[in-house]
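Morning, everyone. Please have the sequence and the model open on your screens. I'll keep this short.

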Amino acid sequence: MVIRVLPPELVNQIAAGEVIERPASVVKELAENSIDAGASTVAIEVERGGVGLIRVRDDGRGMEKDELPLAVARHATSKIAVFDDLESLVTLGFRGEALPSVASVSRLSVASRTADAGHGWKISVIDGAVGPPEPVAHPVGTTVEVRDLFFNVPARRKFVRAETTEQQHIARVTERLALTRFDAGFELKIKGKVVLKVPPAADRMQREQRVAQVCGEEFLEHAFYIEHAAAGMRLTGWLAAPTFSRSQSDLQYFSVNGRLVRDRMLGNAVRVGYRDVLFQGRHPAYLLALELDSRAVDCNAHPQKLEVRFRDPRSVNDFILHTVQHALAATRPAGGVAGSADRASLFPARNDPSLALPVGLPPQLGMPLAEPVASYRAEAAHTHAPVTPRAIDSAAPPLGYAIAQLHGVYVLAQTADGLVLVDMHAAHERVVYERLKKSLNGAALAHQRLLVPVTLAVSRDEAELAERERGEFARLGFEIDRIDRDQLAVRQVPAIFADRDVAPIVRDVLADLREHGTSRRFIEGTNELLATIACHAAVRAHRDLTLAEMNALLREMESTERADQCNHGRPTWTRITMQELDRLFLRGR
Ligand code: ADP
Ligand code: MG
């Protein structure tokens, strides 16, 4: 074989192999061109799964007669002119490859008209030959028609799946664009039937309507809107509550400067932001848009432009992680009502040490943990005359006042508008965990020396690990010595365990340490250890609580970040309103 320059048609077909994987890729390229042309409506029509026909019509700025042949020429683009333009891209396209690629594997026509032109012009490309522009009646904007896709590429054609499969891909591509580009309206017609139609969405309400339509009402019901800007970056969108987590990562959308990407770094930053409140193996649901100076991001880093490269990935990562973390931290009962002036005046007993009774924790805590929890003068005083809180009104705390404990598992509380049910253990575990995290911040956990050290038989591996991680244990409040090949002596424990059976706790912490290895990132590892400790420290089911203790727990939940979910992302409480109860009993009010 001799070396030869390939004919342009073949070059285009090779290029098409990269860009045009299946009919949905054509839809994506054409719709992106429409968006780049400033269209406010993009209408897509599809026949035979896109193999028969793909027609994309827009009301963008259109093309002049002379531009049409250039549009389908390879490496011809209006979006960049010099190398430096690549650095500050604001358009979705820029390589000038899509139209020639599509043309090389289909029968293509482009009809277009600009606002200045009296009528439109149309060109067709057949078997690589670009015909002359012909006048045509066309409104301002562009219509691209692609017929018989892959008719001349049998190899590709074999990979096209059933019509319904390709239709699904096309619908997905359109939805993804719709979720990223609220500035445009979209319409998708499959076999003459409108399957998606969304108008341009200018304000938040319209956007949420679109999100509900595309992602489902359920997502929006469980999601909250975030908007945060710092250090030249802006993150907006919707985060689903951790309780809405999914077994798959199918409801995750992230766009950078209006381009949807599947970037590992970005996905990871969000995941870590959720980590604290999500059960392992569950996936958060979100729709996020990051905006930043276009010069700070390189979109030309991936053949399908699915990944981007940031000039300063670290700061982007930190910004996203912290924004997500912070937003999730705000998910507590009634979102931040706790700690308001009302409460302070209602419950002046907050600092009265005689009432400070941390639920389920031994009273002798000599550590930050012992910070008195909110207790109730009223309830504490009436512990023996179970309260029927008459004076419940809108000033009542969000989680109300405890009235009973159900089967030793749930706390029932009366609120201004009905009933609240709290999973006692889950809620307390979260409260303790957050408190531990706060108190560990910088310092070591308060500890207590055991009068008699506890000896513990462990495996050799575990003994070595305990020896190696002595410092880590010390930070958590443990003092553990290896006294034999397979024997440990526990001399000191975190104060919260002062009167507990320490053996199972130490074993659990060891298991955690082993699982995460010594290379684990310090903070992450610590948080997981704290979660283990919190689980042990939390009040167990079937322990009887007094009303005062129950109320203390409710008040603590109100002032604890992320108290809406336990450490595993399960809900900690739920509400049943009087209306719902009335409905249950068919009681008209
Ligand atoms: P790119 O989008 O990378 O520039 P394309 O091959 O997709 O490359 O398009 C080539 C050029 O044709 C674009 O740069 C643009 O000027 C023009 N063009 C394509 N589609 C449209 C459209 N729908 N409306 C207006 N101009 C278009
Ligand atoms: Mg393009």
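Start with one pair. Leucine 419 has isoleucine 576, in strand E23, as its bridge partner. Keep in mind that this is a predicted model.

Now widen the view. Strand E19, residues 418-423, is joined to E23 by five bridges. The two strands run antiparallel. They belong to an open sheet of four strands. The order is E17-E18-E19-E23, and the pairing is antiparallel. Which strands sit at the edges? Strand E17, 401-406, and strand E23, 573-577, each of which pairs on one side only. From one strand to the next, the twist averages 25 degrees.

Next, the helices on this sheet. Helix H13 lies across E17, strand E18 (410-415) and E19. H13 runs at about 70 degrees to E19. Helix H18 lies across E17, E18, E19 and E23. Relative to E17, H18 runs at about 115 degrees.

How do these two helices meet? H13 covers residues 424-440, and H18 covers residues 547-558. Their axes come within 10 Å and cross at roughly 55 degrees. That angle is why H13 counts as oblique to H18. The crossing is left-handed.

Here are the residues in that contact. From H13 we have Met424, Ala427, His428, Val431 and Arg435. From H18 we have Leu553, Glu556 and Met557. By class, that contact is five nonpolar, one polar and two charged.

Let's move to another part of the chain. Take isoleucine 20. Where is it? In the loop between helix H1, 8-19, and helix H2, 23-36. Is isoleucine 20 buried or exposed? Its relative accessible area is 0%, and buried means under 20%, so isoleucine 20 is buried.

What does isoleucine 20 touch, leaving aside its neighbours within four places in sequence? Ser25, Val26 and Glu29 are among its contacts. One distance to go with that: the C-alpha atoms of isoleucine 20 and leucine 149 are separated by 9.9 Å. Along the chain, those two residues are 129 residues apart.

Last, the whole chain. It has 589 residues, and buried residues make up 50% of them. The secondary structure comes to 19 helices and 23 strands. Now take the contacts between residues at least 6 apart in sequence. Of those, 70% join residues at least 24 apart.

That's my tour. Over to you for questions.

Definitions and conventions. Residues are numbered from 1 along each chain as its sequence is written. Chains are lettered from A and ligands numbered from 1 in the order in which they are written. This is a predicted model: local features need pLDDT of at least 70, side-chain atom pairs count only at pLDDT 80 or more; totals for chains, interfaces and linings use all residues. Side-chain values use heavy atoms; hydrogens and water are left out. Axes are lines fitted to C-alpha atoms, for helices over the stretch in contact, and angles run from 0 to 180 degrees between N-to-C directions. Angles under 35 degrees count as roughly parallel, over 145 as roughly antiparallel, 65 to 115 as roughly perpendicular and the rest as oblique. A crossing is left-handed if the near helix is turned anticlockwise from the far one by less than a right angle, and right-handed if clockwise. Contact means heavy atoms within 4.5 Å. Ala, Val, Leu, Ile, Met, Phe, Trp, Tyr, Cys and Pro count as nonpolar, Asp, Glu, Lys and Arg as charged, and the others, Gly among them, as polar. Two strands pair if DSSP finds at least two bridges between them. Buried means under 20% relative accessible area, exposed over 50%, partly exposed in between (1.4 Å probe, protein chains only).
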